[in-house]
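Visitor: I'm new here, and I'd like to know where the labels come from. Can you show me the structure?

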Amino acid sequence: MATNIFKGLGIALVTPFKTDGSIDYVALKRLIEYQTDNGADFLCILGTTSESPCLDYEERAEIKRFVVEANQGRLPVLMGCGGNNTMAVVKELQSFDLRGVDGILSVCPYYNKPSQEGLYRHFKMIADNCPLPVVLYNVPGRTGINMKSETTIRLATDCKNIIAVKEAGGSLEQVDEIIKNKPAHFDVLSGDDALTFPMIASGAAGVISVIGNALPREFSRMIRLEFNGEYEPARKIHHRFTELYSLLFVDGNPAGVKALLHEMGFIENELRLPLVPTRVATVQKMAAILQEMRI
């Protein structure tokens with residue numbers, strides 16, 4: 001039976017672009033080193049924050065190859081591979097070079113809004129055809145459908161290589177239901193930075209974080225304090241981030257965190273259409289918070 005190695009602070013790694021729109025691999029290497037040196041526990045590539053819908057097959061393959069080479073086995077690598085056409089996802093899993101990848105993150109099918117039985121069969125088909133551990137991703141705000149706790153638990157029980165769920169449903173009650181009834185090998189990961197503190201307090205094993213791109217040292221410290229039962233100092237860190245959590249997403253993701261990384265000198269503030277950079281007023285507010293935090 002597969003076990004979950006994706007614990008603690010996972011980084012939903014952005015894809016830096018140059019001003020001409022091409023992938024900036026120098027900046028990507030800089031980000032990987034920054035994460036490795038500042039408390040990240042694993043990397044999550046080719047997800048929503050990576051702007052994967054705007055990357056073609058060859059670009060995704062090259063990003064995966066580059067990250068694996070740059071990482072040199074230091075951190076586990078979780079790779080996004082999902083969609084709303086089950087057989088297309090299966091074919092990609094069979095054709096994509098998965099060497100150096102430690103697990104797959106697969107999002108609930110979007111737009112066509114399947115039933116709970118449809119979700120179960122979709123993920124079971126993926127698990128049955130995936131040579132790696134699978135992390136489910138429930139994010140109803142993007143997909144239009146919520147995977148209920150009973151479906152998640154059913155999948156975790158029936159599919160031994162389904163090892164975790166990234167929960168971004170916004171419901172702590174649903175998180176509690178999963179944690180209470182899950183099999184021993186299965187974990188819950190926060191998919192929402194703002195809810196990470198209460199989710200870990202409830203028994204979640206970690207987070208796949210957007211804000212961690214920019215502030216991994218601070219965010220990982222909060223998580224480690226919680227793991228050690230030191231909730232009061234962890235809560236203080238959480239409250240320092242409260243305003244930043246909302247600013248990061250007010251103009252869409254990853255527009256906010258890319259603007260933050262640009263302010264910190266890591267990347268160009270470039271996105272691919274239909275995404276556009278965050279508003280100047282939002283950037284100014286984030287810059288002021290950074291200044292207050294002396295980061």
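This is a predicted model: local features need pLDDT of at least 70, side-chain atom pairs count only at pLDDT 80 or more; totals for chains, interfaces and linings use all residues.

Visitor: What makes α12 oblique to α13?
Guide: Helix α12 (residues 255-263) and helix α13 (residues 280-293) pack at an angle of about 55°, and their axes are 10 Å apart. Under 35 degrees would be roughly parallel, over 145 roughly antiparallel, 65 to 115 roughly perpendicular, and the rest is oblique. So α12 is oblique to α13. The axes are lines fitted to C-alpha atoms over the stretch in contact, and angles run from 0 to 180 degrees between N-to-C directions. Helices here are DSSP runs of H or I with at least four residues, and strands are E runs of at least two, numbered from the N terminus.

Visitor: Which residues meet where α12 and α13 touch?
Guide: Gly256, Ala259, Leu260 and Glu263 in α12 meet Val283, Met286, Ala287 and Leu290 in α13; contact means heavy atoms within 4.5 Å. By class, that contact has 6 nonpolar, 1 polar and 1 charged residues. Ala, Val, Leu, Ile, Met, Phe, Trp, Tyr, Cys and Pro count as nonpolar, Asp, Glu, Lys and Arg as charged, and the others, Gly among them, as polar.

Visitor: How do you know that β6 and β7 pair?
Guide: Two strands pair if DSSP finds at least two bridges between them. Strand β6 (residues 162-167) and β7 have 4 bridges, in the parallel sense, so they pass that test. β6 and β7 belong to a closed barrel of 8 strands, running β1-β2-β3-β4-β5-β6-β7-β8 with parallel pairing. The twist averages 25° from one strand to the next.

Visitor: Why is Leu46 called buried, and Lys113 exposed?
Guide: Buried means under 20% relative accessible area, exposed over 50%, and partly exposed in between, using a 1.4 Å probe and protein chains only. Leu46 has 5%, so it is buried; Lys113, at 53%, counts as exposed.

Visitor: What is the phi of Leu46 and of Lys113?
Guide: For Leu46 phi is near 60°, and for Lys113 near 50°. Most residues other than glycine have a negative phi. Leu46 sits in the loop between β2 and α2 (57-71), and Lys113 in the loop between β4 (103-107) and α4 (116-128).

Conventions
Residues are numbered from 1 along each chain as its sequence is written. Side-chain values use heavy atoms; hydrogens and water are left out.
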